[in-house]
Amino acid sequence: MILEPLPPRILSVRRIPNADPALLLAYGADPARHRSLGLVTCDQDDPTYVALDEATKFAHVDVVFAKSFYAGAGHASGPLSGEILGVLAAADPDEIDAGLKALVRCLESDACFYGADEAKKTAVFPHVISSLGHYLSAAAGLKPGDSMAYLVAPPMEATIGFDMALKAADVRAAKIFPPPTETNFSAAWLTGSLAACEAAAVAFCEAVVRVAANPKGDVWGG
Amino acid sequence: MARTRELVAELRERLGGAAPQPPPAPLPRVPEPPVRVFPKRHEGSRYARETAAHTTALLGIGQVGTRYATDVVLQFQAELAVAHEAVATELPEDWAAKNGLLGLRSRVTHHREFLLRPDLGRRLDDLSLARLKMEAKHGVDVQPILADGLSAVACMQSGLELLASFTRACEARGLTVGTPVCARYARVWLEDEIGQTVKARVAAILLGERPGLGTGDGLSAYLVYEPAVGKTDGDRNMMSNIHARGTPPAVAGDRLAVLARAMVDQKRSGVSLELGHLVAELGDAASRHHRAPQVRERLVEVPT
């Protein structure tokens, strides 16, 4: 069955209530405003970026560090490494807790990759964020509260998909990440009205499914 | 929540994916907050209990946990509502005429403006000024002015009684009293223009005072000698809390008349007015004898 959710696995969630200033600086936090850190690793990077952004909507936390690991979860450095390390920073541990709760909730019941083929070898992430938090909005050069379609797939599928998405709805590209990225996927951030973002995400997802089912298209008579 | 999952499920349906999607993981359960019942604790101090019997101030009201008891809170809200309602009430336009008073109004045109623009409430509108010049007696000793002020309720409730007792008391002390007027949307300083227009020696405005908790019916009186636009509060003498639980209107009329007499005799008012010897002239109205304990009117009943 296609388009089944591939639930992300949260590999570790930890908190440092009173982090050393040197550590804060190294991870991009501001020791004048931040004292506590919340750390999470997960085997899917893009749902985690969405969940980190979700956390900024529920608590006074900043996403100070979030980086994908090279070649993805299939080549992790350890059992807890997964594909990404995300770091929230806040003035106190309670804010971190509130942020982590929102983050975990988002990963457990909202953001996830889907299998675009029967074998689940092709993963697609056609996620719609109805209202951006201040982390992704800043990264995308948009305003908090804007709607955004967060689209990810392997390079070939994604490239066809982005084209379909941009043509299917009144959206514009806030940012496109062509391959290779750390995990060798391609990603695009499209923005427009919520309805337009939804239409774009659906068109993208459909395109990815169709490319996965028919990789050589008409050219080779497939 | 999880809008993307719905969208993808719809797409799968469209693309012919038959089997239903696994349901999303259930949301974590939010634990119910613990219910704690606090017993009501009455004020233990005997001093507070006995003091509370002699005042309408909020003393010895006890507590429940760290908060006020429900009946105290409800009473507070009810009393606040009385005050709000008093401020919101307007004096009907024909009220003055119905009660045989010369009706005037300030430059204010509606109630909201009255609350927001005190300056307009201190001057007469052109029509009223003309009426006052035409119809009022000029050159009197005392010009009484009844007005709504910040509580039309108080004005309508006990204004006429105070006006009558004040007029009687003034005449008994040999003062000539002007045509009684009634001003709508009036502020205290309106007495300056009215008194100046009729060339009265003393202008006395009796008006509803800013309501407090549970007292929407209080009147105040402000007297000024040789009223003229530009007089300040330092030129006035005033008396507040004229209501049943404060100074009753009948007694207040006497006291105000003594004040007016003193102004006429001393040819001044306000800070420089000599008040030391006035007690002797007050007679019964000076009454400083013991009053029965005051009880706050219960506006809310809570079963115990």
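Contact here means heavy atoms within 4.5 Å. With that in hand, select chain A: among its contacts between residues at least 6 apart in sequence, 70% join residues at least 24 apart.

Before you go on, some housekeeping. This is a predicted model, where local features need pLDDT of at least 70, side-chain atom pairs count only at pLDDT 80 or more, and totals for chains, interfaces and linings use all residues. Residues are numbered from 1 along each chain as its sequence is written, chains are lettered from A and ligands numbered from 1 in the order in which they are written, and side-chain values use heavy atoms, with hydrogens and water left out.

Stay on chain A and switch to cartoon. Of the 222 residues in chain A, 54% are buried, that is, under 20% relative accessible area with a 1.4 Å probe, protein chains only.

Next, select A:Leu52, in helix 2 (residues 45-58). A:Leu52 counts as buried because its relative accessibility is 0%. Leaving out residues up to four places away in sequence, A:Leu52 touches A:Val40, A:Val63, A:Ala66, A:Gly86, A:Leu88, A:Leu103 and A:Tyr135. Pick out A:Leu88 from that set: 36 residues along the chain from A:Leu52, with 7.6 Å between the two C-alpha atoms.

Now hop to chain B and select B:Val140, in the loop between helix 6 (126-135) and strand 4 (142-147). B:Val140 has 3% relative accessibility, so this one counts as buried too. Beyond four places in sequence, the residues B:Val140 touches include B:Thr176, B:Val198 and B:Arg201.

Last stop: the interface. How many residues does each chain bring to the contact? Chain B gives 19 and chain A gives 20. Together they bury about 1800 Å², 65% of it on carbon and sulfur atoms (accessible area, 1.4 Å probe, that two parts lose on being put together, summed over both). On chain B, highlight B:Thr4, B:Arg5 and B:Leu15, which lose the most area to chain A, together 31% of what that side buries.

Finally, show B:Arg14 and A:Glu206, whose side chains meet in a salt bridge at 3.2 Å, N to O. The rule (a side-chain nitrogen of Lys or Arg within 4 Å of a carboxyl oxygen of Asp or Glu) finds two salt bridges across this interface.

Note on methods. Buried < 20%, exposed > 50% of the residue type's maximum accessible area, 1.4 Å probe, protein only. Helix = DSSP H or I, 4+ residues; strand = E, 2+ residues; numbered from the N terminus.
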